[in-house]
Amino acid sequence: MGPGQGAVRIDPGRNFAARWAEMIFTLQNDLPEMQAFYTDVKGRMAKAGRDPNDCAILVSVDPIVGETEEIALQKQFYINNLVDDEVAISHASKHLGIDLSQYPMDKPLEDLEIEGGSVGALEVMKNAAKAKGLTLIELCRTYSISESCPQLVGTPEQIADALCDMFENKGCDGFIISPATMPGSIEEFNRMVVPILQQRGLFRTAYEGTTLRASLKAS
């Protein structure tokens with residue numbers, strides 16, 4: 001499947017989201033990819049006659065927070081090296097909808113003729129593999145760790161800075177936290193990062209609504 005074919009196949013999903021969605025959860029590898037997706041989909045909303053502000057685009061991030069940068073890096077190394085190759089291949093295959101074990105694991109993804117399955121997942125995988133020069137097994141490991149979304153590693157201030165950079169530079173309207181561990185990653189993020197975002201006026205200090213829908217719309 002060439003680049004042109006991939007772009008054509010992606011169009012129906014993006015057009016549908018731009019026309020109907022009130023919130024879009026997307027997975028991109030880095031800020032430039034986030035910005036490209038954000039600009040494209042917001043432009044499609046305008047063409048569909050909608051106010052682009054009526055639909056929020058949320059990107060996935062995997063924060064690994066430490067009291068110091070060194071602690072955070074040690075946690076990242078430990079967590080990332082827990083991945084089992086067979087589980088990684090199975091996980092990536094499940095999300096893609098294609099059995100990846102039938103392909104040579106030591107080859108770059110771009111050299112393999114993989115078609116079908118989830119168009120969005122395949123796009124994420126191809127972009128990650130191309131950007132980092134990953135073989136298929138390396139890609140499966142990376143995808144199993146964080147589904148190729150950005151791992152934000154550092155102190156609470158560094159994590160907050162990274163989130164602010166993505167938000168303020170039109171990469172997204174908000175975030176979906178993809179925890180490396182449960183419930184530890186969520187607890188650490190809420191305890192150490194959220195207060196900094198609140199101090200900067202970028203995160204609510206109370207819930208305005210009484211339902212999930214109202215709270216999400218108010219954010």
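In the largest nonpolar core, which has 22 residues, L96, L100, L109, I114, L136 and L139 touch the most other members. A nonpolar core here is a set of buried Ala, Val, Leu, Ile, Met, Phe, Trp, Tyr and Cys residues joined through side-chain atoms within 4.5 Å, and buried means under 20% relative accessible area (1.4 Å probe, protein chains only). Helix 4 (85-96), helix 5 (119-132) and helix 6 (136-146) each give two or more residues to this core. Apart from it lies another core, of 18 residues, including I159, F189, M192 and L197. The model is predicted: local features need pLDDT of at least 70 and side-chain atom pairs count only at pLDDT 80 or more, while totals for chains, interfaces and linings use all residues. Residues are numbered from 1 along each chain as its sequence is written, and side-chain values use heavy atoms, with hydrogens and water left out.

Next comes a pair of helices. The axes of helix 7 (residues 156-168) and helix 8 (residues 184-199) come within 9 Å and cross at roughly 55 degrees. That makes helix 7 oblique to helix 8, as angles under 35 degrees count as roughly parallel, over 145 as roughly antiparallel, 65 to 115 as roughly perpendicular and the rest as oblique. In helix 7, P156, E157, I159, A160, L163 and C164 meet F189, M192, V193, I196 and L197 of helix 8, where contact means heavy atoms within 4.5 Å.

P63 sits in strand 2 (residues 56-65) and, at 3% relative accessibility, counts as buried. Leaving out residues up to four places away in sequence, P63 touches L152, I159, I177, S178 and F189.

Notes. Axes are lines fitted to C-alpha atoms, for helices over the stretch in contact, and angles run from 0 to 180 degrees between N-to-C directions. Helices (H or I, at least four residues) and strands (E, at least two) are DSSP runs, numbered from the N terminus. Buried means under 20% relative accessible area, exposed over 50%, partly exposed in between (1.4 Å probe, protein chains only).
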